[in-house]
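Subject: Structure for your review

Dear colleague,

Please find below the structure that I am handing over to you. A short account of what was found in it comes after.

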Amino acid sequence: MTDAIHEGGCLCGAVRYRTTGAPNDTNICYCTQCQKQTGAPMPAFASFPLDRFEMIRGEVGAYRASDFATREFCPRCGSALFWRRDGGDYVSISLGGFDDPSDFPPPKYEIWTAHRIKWLDTIPGADSYPGDN
């Protein structure tokens, strides 16, 4: 996967992006902000260094739900796309936005498990953290 190219985008196709190589990690976040932004009980992400991420088409909208990160989305269709920590050197990309999310390894860890929906089990083989890791 070191030479792999992965592309993805939003639901309407207005935003497209590309990553190269393997992700730093894949993860599940159960925080209430991610749940509300995506409408999903267990949003999944793949994180890539910024130098291996590029926008191919479109512009994103941004929203700050916290004082340390920005959430980016398609302003046309509302698809949740990216999460970026202020001053960080990586971008967390919504796994479901990739053209083939099954190309990625299973989640390495799950965070904010204190907010996991009660009927969801832990992810086999993933480290679990009740808060941020």
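Predicted model: local features only at pLDDT ≥ 70, side-chain atom pairs only at ≥ 80, totals over all residues.

Residues are numbered from 1 along each chain as its sequence is written, and side-chain values use heavy atoms, with hydrogens and water left out.

The protein has a mean pLDDT (the predictor's confidence in each residue, from 0 to 100) of 95, and 98% of its residues reach 70 or more. Helices (H or I, at least four residues) and strands (E, at least two) are DSSP runs, numbered from the N terminus. Confidence is highest in strand β2 (residues 16–20), with a mean of 98, and lowest in helix α1 (residues 32–38), with a mean of 93.

Strand β9 (residues 90–94) is largely enclosed by the rest of the structure, because 4 of its 5 residues are buried (under 20% relative accessible area, with a 1.4 Å probe and protein chains only). Two strands count as paired if DSSP finds at least two bridges between them. Strand β9 pairs in the antiparallel sense with β4 (residues 44–49) over 5 bridges, and with β8 (residues 80–85), also antiparallel, over 2 bridges. Isoleucine 93 in β9 stands opposite alanine 46 and opposite phenylalanine 82. The hairpin of β8 and β9 has 4 residues between the strands, and glycine 87 there takes a positive phi near 75°.

A nonpolar core is a set of buried Ala, Val, Leu, Ile, Met, Phe, Trp, Tyr and Cys residues joined through side-chain atoms within 4.5 Å. The largest has 14 residues, of which Tyr17, Leu81, Phe82, Ile93 and Phe98 touch the most other members. Two or more residues of this core come from each of β4, β8 and β9. A second, separate core of 6 residues includes Cys31, Phe45, Tyr109 and Ile111. Leaving aside neighbours within four places in sequence, phenylalanine 98 is in contact (heavy atoms within 4.5 Å) with residues including Tyr17, Ala46 and Ile93.

The largest pocket holds about 390 Å³ of space. Trp83, Arg85, Ile111, Trp112 and Asp132 are the closest to its centre among the 21 residues that line the largest pocket. A pocket is an open set of points on a 1 Å grid over the protein atoms alone, where a 1.4 Å probe fits, with protein on both sides within 12 Å along at least five of seven lines; lining residues have an atom within 4 Å of a point. The most lining residues come from β3 (25–29), which gives 3.

Yours sincerely

Key: Buried < 20%, exposed > 50% of the residue type's maximum accessible area, 1.4 Å probe, protein only. Points joined across faces, edges and corners; volume = space filled by probe spheres on them.
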